[in-house]
Amino acid sequence: MNGWRGASPTARLLLVAVLLTGLTTFMFLPLLAIELTAQGIPAGRTGFLVGLLAFSSQAFSLLSGLLVDRLGPRRVMAAGFLLRIAGYVLLGLGGAGRPAPLVAGIVAVGVGGSMLGLSTKTLLVSQEGSDPRTMLALRSTFVNIGVVVGPALGALVYPLGFRYILAACVLSHLVLGIGLVSGRTAAAVPGRTAAKATGPGAAPDADPGAPPDAAAGRPGEVTRWTLLRHWAPLAALGVAYWAIYSQLNVLLPIAANELTGSTAAISVVFTANGLLVVLFQYTLLSRVFRRATARTLLALGFLAFACAYAVLIPLAGWYSLLAFVLPVTLAEMLIGPSLDEQAVNAAALRRTGLALGTMSAAGALGSLLGSSLGGQLLQATRGGSRAWVLLVGCSLAAAAICLLLPKVRTRHA
């Protein structure tokens with residue numbers, strides 16, 4: 001990858017951290033419910049605890065973004081590593097007879113993950129010599145390597161005991177935390193911020209807290225309406241993306257089983273999806289669509305979503321399911337990083353953490369709405385094609401909302 005070769009040493013270290021934390025997270029996450037059930041915890045309580053992990057991470061994202069901007073990414077990263085290490089230790093101490101450390105551990109892992117995710121993402125998009133799109137594409141690639149490889153590693157280690165997985169999580173986070181936090185990881189952020197505010201294109205009196213247009217010498221043009229015009233559709237698209245994407249975990253597993261008669265069908269979809277993202281995410285964003293605006297990529301991504309759910313309407317068994325994989329993966333590769341890129345490019349100076357936290361919070365709301373409405377939709381339609389027709393309509397509506405976004409070109413290095 002040219003992006004990897006051209007990345008700074010700090011960016012490479014951050015990407016390695018993304019890879020290793022992703023590997024250990026996905027070693028641990030798919031087996032959490034199995035381990036809790038094996039400890040004698042009832043299924044209802046197990047579901048609550050697994051949901052609490054996701055909620056703790058997502059609900060804290062907006063505050064994490066504020067903390068990144070206020071305290072700096074390195075301090076927030078240090079707190080994230082400490083919380084996650086403490087959380088994994090508490091999970092090892094907890095159990096059916098000791099619910100307090102179990103709940104505390106799950107919350108600590110979730111909140112720590114939110115702080116780690118936003119601090120590393122903020123640092124990556126702030127690196128000198130690399131544009132945000134390249135860094136976000138590389139980050140997505142490394143995350144998906146963890147998604148693909150992590151569960152397989154977890155399955156290999158789990159027979160030895162769940163605590164060995166927790167120990168791997170603690171060790172990796174400890175080593176990475178010492179390496180990242182003790183170095184000069186966050187040093188690039190203030191310098192880059194200052195360069196934006198005082199560079200050749202900036203006005204002498206540019207407001208350091210204003211959005212990019214204001215920093216470029218037009219502070220009078222930045223009004224509440226300008227911010228609302230950008231952020232209202234962007235937040236709506238964040239909610240829409242995760243509401244539509246969440247159906248891969250709600251509607252699709254049941255539909256895949258009904259279409260093919262195989263419980264392994266959904267595993268085929270997720271494996272193919274992960275491999276395609278790992279192989280093509282970087283090339284697609286940094287090569288094929290390098291000159292396209294984030295708005296264009298978002299519109300194309302939601303149109304790909306519409307195509308993906310449209311191929312399920314005929315209910316053609318394996319043919320529909322396999323045809324679904326390519327467009328839904330294309331949608332994921334285009335929309336996820338482009339939402340963050342649009343947010344970063346539109347964010348006020350020194351507000352990158354808040355911008356990314358806002359998109360994470362929108363994603364949390366979208367996931368909650370999508371999961372809830374997906375279950376209701378499943379009950380209401382009782383199979384058939386009506387659910388897929390509705391999802392096609394929602395995807396097309398989201399593609400139309402993309403046209404409300406202002407054109408903001410990526411800041412190429």
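Modeller: Let's start with helix H6, which covers residues 99-125. Keep in mind that this is a predicted model. H6 has 27 residues, and at 1.5 Å a residue they should span 39 Å. Now, is H6 mostly buried or exposed? Of its 27 residues, 20 are buried, so the rest of the structure largely encloses H6.

Let's zoom out for a second. The chain holds 17 helices and 0 strands. Of its 413 residues, 50% are buried. If you take the contacts between residues at least 6 apart in sequence, 83% of them join residues at least 24 apart.

Phe55 and Ala364 are 309 residues apart along the chain, yet their C-alpha atoms are separated by 7.8 Å. Phe55 has a relative accessibility of 56%, and the cut-off for exposed is over 50%, so Phe55 counts as exposed.

Next, look at how helices pack in pairs. Helix H11 (residues 224-245) and helix H14 (residues 294-310) meet at an angle of about 25 degrees, and their axes are 12 Å apart. An angle under 35 degrees counts as roughly parallel, so H11 is roughly parallel to H14. The crossing of H11 past H14 is left-handed. Which residues of the two helices meet? From H11 come Leu237, Ala240, Tyr241, Ile244 and Tyr245, and from H14 come Leu298, Phe302, Phe305 and Tyr309. Sort the residues of this contact by class and you get 9 nonpolar, no polar and no charged.

Now compare another pair. The axes of helix H12 (residues 251-260) and helix H13 (residues 265-288) come within 8 Å and cross at roughly 120 degrees. That angle makes H12 oblique to H13. On the H12 side, Leu252, Pro253, Ala256 and Thr260 take part, and they meet Ala265, Ile266 and Val269 in H13. The class count for this contact is 6 nonpolar, 1 polar and no charged residues.

Conventions: Residues numbered from 1 in each chain as written. Predicted model: local features only at pLDDT ≥ 70, side-chain atom pairs only at ≥ 80, totals over all residues. Heavy atoms only, no water. Axes fitted to C-alpha atoms, helices over the stretch in contact; angles between N-to-C directions. Helix = DSSP H or I, 4+ residues; strand = E, 2+ residues; numbered from the N terminus. Parallel < 35°, antiparallel > 145°, perpendicular 65-115°, else oblique. Left-handed = near helix turned anticlockwise from the far one by under 90°. Contact = heavy atoms within 4.5 Å. Nonpolar A, V, L, I, M, F, W, Y, C, P; charged D, E, K, R; others polar. Expected span 1.5 Å × (residues − 1). Buried < 20%, exposed > 50% of the residue type's maximum accessible area, 1.4 Å probe, protein only.
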